[in-house]
Amino acid sequence: MPSLHPLPPKENSLFKRILKSYEQKQYRTGLKFAKQILTNPKFSEHGETLAMKGLIMNCMGKKEEAYDLVRRGLRNDLKSHVCWHVFGLLQRSDRKYDEAIKCYRNALKWDKDNLQILRDLSLLQIQMRDLEGYRDTRHQLLLLRPGQRASWIGYAMSFHLLDDFEMAQKILEEFRKTQVTKMFPDFEHSEFLLYQNQVMQEAGHLDQALEHIEENSSQICDVSARLEIKASIYLKLERWNEAKAVYDELLDRNPENWDYFEGMEKSSQATTIEPRLAIYSSVNEKFPRAAAPKRLPLNFATGELFEKLVDEYLRKMLRKGVPPAFVTLNGLYRDQEKAETIERILLSYLDSLEEVGKFSKEEETNGEKESPTVFLWTLFFLAQHYDYKGMTTKALECVDRASQHTPTLIELFIIRARIYKHAGNIQKAMECLDEAQSLDTADRYVNCKCAKYMLRANQVKPAEEMCAKFTREGVPAMANLNEMQCIWFQTECARSYQRLGKYGEALKKCHEIDRHFSEIIEDQFDFHTYCMRKMTLRAYISLLRLEDSLKSHRFYFQCARLAIEIYLQLHDKPLTDSNKEEEINDKNLSAKELKKLRSKQRRAQKKAQQQKEEEERARAVADKQSKNKHDPELDGPKEEELVPDKLARVEKPLEQAIYFLKPLQALARNRIDTHLLAFEIYYRKDKLLLMLQSVKRAHSLSTEHPQLHQCIIKLAKKVDEAKDVPEAVLSVVTRELKRLLDGKTVTEFNESVLDKFSNLAEYRVAAARMLVHLDPAASDRAIELLTSITDYPCKEHLQLCESVHALLEGDLKADAAAADFKQKCQKLFPCAVTFAPPETVTPAKENHVSEDEEDETKSDDNPAAIEEQAPEVEE
């Protein structure tokens, strides 16, 4: 529909040049043409020109001015599709997609067949998962452009996403009939055929899908995908012989794929050991260098057969010197008998290699001896074996012997560090990895591992400096790692800050990770048109499904759990005003101490100011470097700066905790920790029904989780103490609690759980906590339960003992019991720093030189310090 305020030919020609300049990103030229139209008094308020000028200003980063111009243009021409379209583009650039969709719909009222607006609308609809609206828009595009491939594909895909497979299949088949069969395979047509077959399979038409894949096999370029589809369909149709033949072909192509072996077992209907072993033996004969047919039989073999097979496998790994050999076998350690067999074989290797240089003393005496490195890798494997079993002393002995053999092997330093980490001495572990990193400064893996251990030791600054060796020059490492979305580093940073009590810094890292996931979700916008054009349709469908569940990823779960824990801590113990505390403390200080404090404060302020200036310079450099790489139109709105102090002093920490909880409740419902975290939040908000909901959801996943046991008792006590609760709510909660408590009282329930799991340390700790929660006078029995957990080893015994020790010293204030408990733990965990005698512990430092050490070096006896402090005396 033409505009109600048309321009004369001369100005209309200028307006078209504005459009062309915008499309070619010649923004200054476009502004010059817009100025020529708007300086004419007759057209100074021309709506479409004002709107286009505003759009160009937005691309140049002048958002406020752009919005003013576009709104002004819209007021002057409310029936112009151009003005509404431009307003929608502005809203889209600020990621206000719902508002942008409204603008596009208004634009279509005045020009219903505008292809560009329809395309932009469809992109927003698929981004927002408005699938029904997307279907209608794609239908309109198909009617307007039936000759375009993207019109057919987009319309079919809209039905596929709505799970209307029949309609999607019909549309795809109609489109396929219009295609001319080519003499040679074409990648795009091949991908179309595979996508069509995927729709058939999801519709449940397996026979049709099989027929389709066989008819078009010559047109499909991805041979592996074609064979995998055929094999999968044959299995579902229980056509075992055909499936077996296809899996034979697949294994010839790739004998290392574990899924192919699983399919071969199913197609062969091999249920006993002999036929299963025959499959792997035949493949092993064809491909003697393949590892999978040697490793997989170890999963089901037992007894003497297992001993024979694992002996062959270990010999090959140790001769080749494969560092991750233990990693390939540690899945077998769930079976205690197999773990003992492996240990026995390795110890026999060690004895024989030391005496005769061979794996076995019974081998021919005239044969060649094994390479000296075999002895080294045997010790290397044994060290990991003992570490896995928690036998720290033996593991370190193996590493020491291996180090005497080859002192400069980097893998030995890494294993030694891992042993110390598991033993509870992260400081020593960090030192080992620092030495490993110094041996090969170009190895990025060792560098990252060293940085990670530094963060575990709460040394944030050294870790940042370590990572700076591989980050972009001229930019602070922390800023560059955030820009590269290095989530593992930020997660470890957040944990380190949490341990140091720097909750603001920890929350800043958590929010940065949350923004990374939001950016990944936004980045899918770039693929909506690209995948249609390149016909990567199966990958596109997988992408959409991945994005829908992106925040179920373990990285996000770790970040969200950490943020929730910190916000709960801030709710329970809000931060005090440090300035007021300093004013109070100042009154109790001597003149010399006060002078020292002021000096320290000035240095801290100066250091903070320098750091801020450095970050600003780095940001300016980064912006300058990225100016020509990024299109300002595609950049999202500028996000609010994350200020640590502001994050730590938030008014409503529980609301912020709920912000992180909601994605977990939607996408990580199958994790019991999600509902346990939810309970802790709602417990503090006194929301009885939501507490009950969280407990019931957790109960449906596991009825015997020790923390769930605590939640049930907390809920019961909260109900007993509740006042002014509606009768309906109280009756519902009481009824459900009776079921959860098995009709027992709270005290009886706690005792029954303790009796049932009396030999499990986690449950003894949970029961002890609840004893004190129900009756503070029962602390003596609780202390007895807590201190007895040293007799009941568990999977994470060291961490549990550390938490119990903190509980005894903290909330229970049982110093004598804590000291006795510490002595017991010292025998159990001789390397753990937490339980080591004070004189043997080297204090960990956050940085190489702390502020306190700076104060000591700048004492009055130090001439350099006197010179530095002289101006302060004059003040």
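Predicted model: local features only at pLDDT ≥ 70, side-chain atom pairs only at ≥ 80, totals over all residues.

**Entry 1: the largest cavity**

The largest cavity holds about 30 Å³ of space.

Next I listed the lining. Leu318, Val322, Pro323, Ala325, Phe326, Trp377, Phe380, Phe381 and Gln384 line the largest cavity.

Which helix gives the most to the lining of the largest cavity? I noted helix 21, with four residues. Helix 19 (325–329) and helix 21 (372–388) each supply at least two residues of that lining.

**Entry 2: helix 44 and helix 45**

I moved on to a helix pair. Helix 44 covers residues 797–809 and helix 45 covers residues 815–828. Their axes come within 9 Å. The crossing angle is roughly 160 degrees.

Are helix 44 and helix 45 roughly parallel or roughly antiparallel? Angles over 145 degrees count as roughly antiparallel, and helix 44 and helix 45 are therefore roughly antiparallel to each other. I also checked the hand: helix 44 passes helix 45 in a left-handed crossing.

Then I wrote down who meets whom. From helix 44 the contact takes His797, Cys801, Val804, His805, Leu808 and Glu809. From helix 45 it takes Asp815, Ala817, Ala818, Phe821, Lys822, Cys825 and Leu828. I classed the residues of this contact of helix 44 with helix 45 as eight nonpolar, two polar and three charged.

**Entry 3: helix 11 and helix 13**

I took a second pair. Helix 11 spans residues 187–203, and helix 13 spans residues 223–236. I find their axes coming within 12 Å and crossing at roughly 15 degrees. Angles under 35 degrees count as roughly parallel, so helix 11 is roughly parallel to helix 13. The crossing of helix 11 and helix 13 is left-handed.

Which residues make the contact? Helix 11 brings Leu194, Asn197 and Gln201. Helix 13 brings Ala225, Ile229, Ile233 and Lys236. By class I count four nonpolar, two polar and one charged in the contact of helix 11 with helix 13.

**Entry 4: recap**

Helix 44 and helix 45 run roughly antiparallel. Helix 11 and helix 13 run roughly parallel.

Definitions and conventions:
Residues numbered from 1 in each chain as written. Heavy atoms only, no water. Axes fitted to C-alpha atoms, helices over the stretch in contact; angles between N-to-C directions. Parallel < 35°, antiparallel > 145°, perpendicular 65-115°, else oblique. Left-handed = near helix turned anticlockwise from the far one by under 90°. Contact = heavy atoms within 4.5 Å. Nonpolar A, V, L, I, M, F, W, Y, C, P; charged D, E, K, R; others polar. 1 Å grid on protein atoms, 1.4 Å probe; cavity = no way out; pocket = protein on both sides within 12 Å on 5 of 7 lines; lining within 4 Å. Points joined across faces, edges and corners; volume = space filled by probe spheres on them.
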